Amino acid sequence: MGERKRLQQWRVQMSAELDRVMDFWIQHSEDKEYGGFFTCLGREGVVYDQLKYIWLQGRQVWMYCRLYRKVPRFHREEILNSAISGGEFLIAHARPSSDSLKCAFVVTRDGQPVKIQRTIFSECFFIMAMDELWRTTHKEKYKKEAVKMMDQIVHWVRVDSSGLGRPELSGVEPVNSMAVPMMLLNLVDQLCEDDEEAAMKYAELGTWSVEKILQHLQRDGQAILENVSEDGKELQGCMGRHQNPGHAIEAGWFLLRRAFTNNDHNLGQTAVEKFVLLPFQSGWDKEYGGLFSFQDVDGHCPTQLEWSMKLWWPHTEALIAFLLGYMETRDSRLLDDFQGVFDYVFAQFSDPEHGEWFGYLTQEGKVALTIKGGPFKGCFHVPRCLYMCEEMLTKLIEEEDHGAKTQ
């Protein structure tokens, strides 16, 4: 099959799948009484729990706004109105205390706080929601919310973390967990889109985030470790040996986005070779297919009970990363890897009967949980992947057509 035809077929299937996935969330997820979204949805979209997870609220607002703003067929009033409703729910209920910007992890249907985590991730997706709402509605109040929260997160991460509520215990070694600089780099990418003032403000933060991510390349460049010391050294024990192939690959495409922005081909090369291909090759299950959830760099059995399961989100990250990597390198082997993941997800995760994807498979690829959403899976990884892949495939096809005309 010719390369252009392959790109076209992928785009057709990605576009149709994006429509089915979004139809599922639009039909079943919105809480028209209290605002925000239900994410605990069964296979057919039935709500099985009315609790609302703040990071998933933020992700869904971002996703609705991004599609409304970027994809003409989603430029629909119902989608914008749902996003605004979700954003207003976040402003009203995400922060339990008026004295702190700390967000809850989960709230009741009407917004009463249930649980707070000592991490920054609810706050990170609050920022993404607010910034994208500002770009979509042009209402300055949303931008102010995003900037205020971003300043707070940077303070927590780089100056004083006491506001997160973590007790300082003598046996705890300071850790550079890759999720933190990854998330900050993603936020810099979000906030700086077509915004020179933000680009200047967050330039140093972006550089710092890249440096912190690159510290996770260990073992003479042969492994990505999820946790290292604050000065970039390998840690002892299970924590130090822990690998998360999906996270490493996601970090890879975050680095690629940074490389494109800064025209940094060395960073792009490192991103593709070390953060995308290396964890993909070691993390792919050669017997049953699919990416393992967790691995131990020394080959010990990981302690996480779900280590051998196949989860939806690492595969979405791989699809994005392979197309972005191909745009950087034009190495057709990346398209072959894309094809392998593409075939796996549409055979195993996609549910053409009811829409959306199953999230949790056994190692052998059988559906382990029939739910379509829950505390960790919402309207984000799957539609983000499908939207980004559709966008990249369209660009690649246009470039192929332009090249053919100029020959």
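Analyst: One term to start: a residue is buried when its relative accessible area is under 20%. Note too that this is a predicted model.
User: OK. What share of the 407 residues is buried?
Analyst: Buried residues make up 55% of the protein chain.
User: And how many helices and strands?
Analyst: The chain has 14 helices and 14 strands. Its radius of gyration is 21 Å, close to the 22 Å from the globule rule for 407 residues, so the chain is as compact as a globular protein of that length.
User: What does the C-alpha trace span?
Analyst: About 60 × 50 × 45 Å along the principal axes.
User: Which H1 residues are buried?
Analyst: Among them are Leu 7, Trp 10, Met 14, Leu 18, Val 21 and Trp 25. Arg 6 and Glu 17 are buried as well.
User: Why would residues three or four places apart point the same way?
Analyst: Because an α-helix has 3.6 residues a turn.
User: New topic. What's the volume of the second largest pocket?
Analyst: About 880 Å³. Its lining has 30 residues, and Asp 189, Glu 193, Arg 257, Phe 260 and Thr 261 lie nearest the centre.
User: Which helix gives the largest share of that lining?
Analyst: H10, with seven residues.
User: And by class?
Analyst: The lining has 16 nonpolar, four polar and ten charged residues.

Key: Residues numbered from 1 in each chain as written. Predicted model: local features only at pLDDT ≥ 70, side-chain atom pairs only at ≥ 80, totals over all residues. Heavy atoms only, no water. Buried < 20%, exposed > 50% of the residue type's maximum accessible area, 1.4 Å probe, protein only. Helix = DSSP H or I, 4+ residues; strand = E, 2+ residues; numbered from the N terminus. 1 Å grid on protein atoms, 1.4 Å probe; cavity = no way out; pocket = protein on both sides within 12 Å on 5 of 7 lines; lining within 4 Å. Points joined across faces, edges and corners; volume = space filled by probe spheres on them. Nonpolar A, V, L, I, M, F, W, Y, C, P; charged D, E, K, R; others polar. Rg over C-alpha atoms; globule rule 2.2 N^0.38 Å.
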